[in-house]
Amino acid sequence: MEDMRFQPLNFSKLRFYSCSQSHLVLHCLNELAGRDMSDGLKGVLAENCPLRVHISRDCSISCIQGVSMICSLIKKINSVCLTFDLDETKDFVPLMKQLKRCECISYVQLNNPKDRIKFNDYLRALQVGRMLSCVRMLNIVRPDIGEKAPELNIGWHMRTMRLVECESLSFSRRFLEAAIGQKSIWGLHLVDCLLDHGCLEVLQQILRKFPQHIRYLSILSIRASSFRVAEFLSGIAGLRKLCTLEMSFDELSRQEESSFEYILLKNTLEKLRLVKCTFSKEHLEALSNWFPQMSTLRNLSFVCLVVHDSIAFQQMICSVRHLHCLESITIERTSLSDEILDVLSSVLSELNDIKWVYLAKIGSDHHPSRLQNLFRAIASCKRITALAFADMQINDALMPSICEMVESLEDLRDLTLWKNAFSANALEDLSVALERRSNSLNILDIKDNEGSRNERVVKLLQKNCRSVIHD
Ligand SMILES: [Zn+2]
């Protein structure tokens, strides 16, 4: 049971998940339905069942009944996340009606709703946001139900509402109207959505209505022609308990910069994720100056940054050393020069609590000695549990340094080397390093490396790693 999983490992990369071997257990459970199960067996199932289940477009009726059965067994409140790939040929209403009272469910994600009537039927069947329903966290992904979206059938008791990849202005508006009708709301997330001036006004009202409640806010990759996302910063500054902020914005005006300063220096943020932001020299210098005062920040991400001054960017990375509680750092799709890589190495070796380093697409022509320094620096961060070096064209010459690093990090569980230039020989060396460790890895991603097609080497790696993602 321990090795079961009902959803893909690198789930972010897949648009649709296909029902595969991982659902076999669901089929088996369905076979048991209707028979008397011993309390012992029920206990084992409830204890070990995975807490995230993805119901795909090609799931059979027995998968669905298996899900219903699992949810009736698990007693831990708000522990299960369910994702549905909605499909015109399937009717999930009966399953959802069964699920609405399962107290174990915490989060429901509905992908690709296309039929407006059926979609509202699903919301009604789940009793989303209703007083007696447990479904208080909802994620709607890629709605495509044309213009003139109907009012959404969502109660007033939501905790978290999330809308992702919405191309329809009327749907975005309906979603925001449902959000402003809430009694209180903790999390609001808009990612990659199309918004107009009407949406801007409702969103401003939401920020004004829940200054004491909203803790998690994402306004990421918004497409809007009639306003700038930075206009929200003054409203966000009024959120007194904000602990997670994820935002995309272009250059800031002086007033917007002072709102941003207020948000950061209020020192309530634990997580800051800046995606597709444009930073001038002055903004970078300001961030460098603010970091020493942000003592609560634990997670910092820079994704797709546009940086106008490389010296100021280097200083900003250098001042990350002042974030003493930092546990995770992500830099993605942002080029780092060799000099900045050196600065980052020295910063990482000073961060005592760092557990998670995620670097992806930060440039592919780094001098090998700079990368070697980076791996050495990380090797000294003894609390690391997850590492990613993705899409960086790292080649075999650096595998010895990676092996040394992997051997020295006892707590390392997840390692991503996705999209590099490792041969089968280098990956075999990695398997020897894994063999020497006392703990095995949980996930190793070596997909899109030339050597990952070698079955013999993959088998060697699997000896000391629960799941190897390979070509
Ligand atoms: Zn299935």
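A residue counts as buried if 20 or more other C-beta atoms lie within 10 Å of its own, as exposed if 12 or fewer do, and as partly exposed in between; the C-beta atoms are placed from the backbone. The model is predicted, and local features need pLDDT of at least 70, side-chain atom pairs count only at pLDDT 80 or more, and totals for chains, interfaces and linings use all residues. Residues are numbered from 1 along each chain as its sequence is written.

Most residues other than glycine have a negative phi, and most peptide bonds are trans. Glu165 has a positive phi, near 50°. Glu165 sits in the loop between β5 (160-164) and α6 (169-180). Helices (H or I, at least four residues) and strands (E, at least two) are DSSP runs, numbered from the N terminus. Glu165 is partly exposed because it has 16 C-beta neighbours inside 10 Å. Arg333 also has a positive phi, near 50°. The loop that holds Arg333 runs between β13 (328-332) and α12 (338-348). Arg333 has 14 other C-beta atoms within 10 Å, so Arg333 is partly exposed.

The next region is built around strand β3 (residues 105-111). Of the 7 residues of β3, 5 are buried, and the strand is mostly covered. Strand β2 (residues 80-85) pairs with β3 in the parallel sense, over 6 bridges. Two strands pair if DSSP finds at least two bridges between them. In this pairing, Val80 stands opposite Ile105 of β3. From β2 the chain crosses through helix α4 (residues 93-99) to β3, a right-handed β-α-β crossover. A crossover is right-handed if, with the strands pointing away from the viewer, the path from the first strand over the helix to the second runs clockwise.

β3 also pairs with strand β4 (residues 137-141), in the parallel sense and over 5 bridges. Leu110 has Ile140 of β4 as its bridge partner. From β3 the chain passes through helix α5 (residues 116-126) to β4, and this β-α-β crossover is right-handed.

Helix α5 has a buried side. Its buried residues are Phe119, Tyr122, Leu123 and Leu126. These residues lie on the same side of α5 because they cover an arc of only 95° around the axis. The arc is that of the directions from the helix axis to the C-beta atoms. The buried residues of α5 pack against α4 and β3. Here, two residues are in contact if their C-beta atoms, placed from the backbone, lie within 7 Å. Just after α5, Gln127 takes a positive phi of about 55°.

Further along, the chain is divided into domain 1 (228-318) and domain 2 (327-471). These bounds come from an automatic or database domain assignment. The C-alpha centres of the two domains lie 29 Å apart. Across the interface, 13 residues of domain 1 are in contact with 14 residues of domain 2. On the domain 1 side, β11 (299-303) and α11 (310-318) each supply at least two of the touching residues. By class, this side of domain 1 has 8 nonpolar, 4 polar and 1 charged residues. Ala, Val, Leu, Ile, Met, Phe, Trp, Tyr, Cys and Pro count as nonpolar, Asp, Glu, Lys and Arg as charged, and the others, Gly among them, as polar.

Helix α10 (residues 281-290) includes Ala286. Ala286 has 20 C-beta neighbours inside 10 Å and therefore counts as buried. Leaving aside neighbours within four places in sequence, Ala286 is in contact with Glu257 and Glu261. Ala286 and Met316 are 30 residues apart in sequence, and their C-alpha atoms are 8.6 Å apart in space.

Helix α12 shows a buried side as well. Ile340, Leu341, Val343, Leu344, Val347 and Leu348 are buried in α12. They lie on the same side of α12 because their arc around the axis is only 160°. What covers these buried residues includes α11, β14 (356-360) and α13 (368-379).
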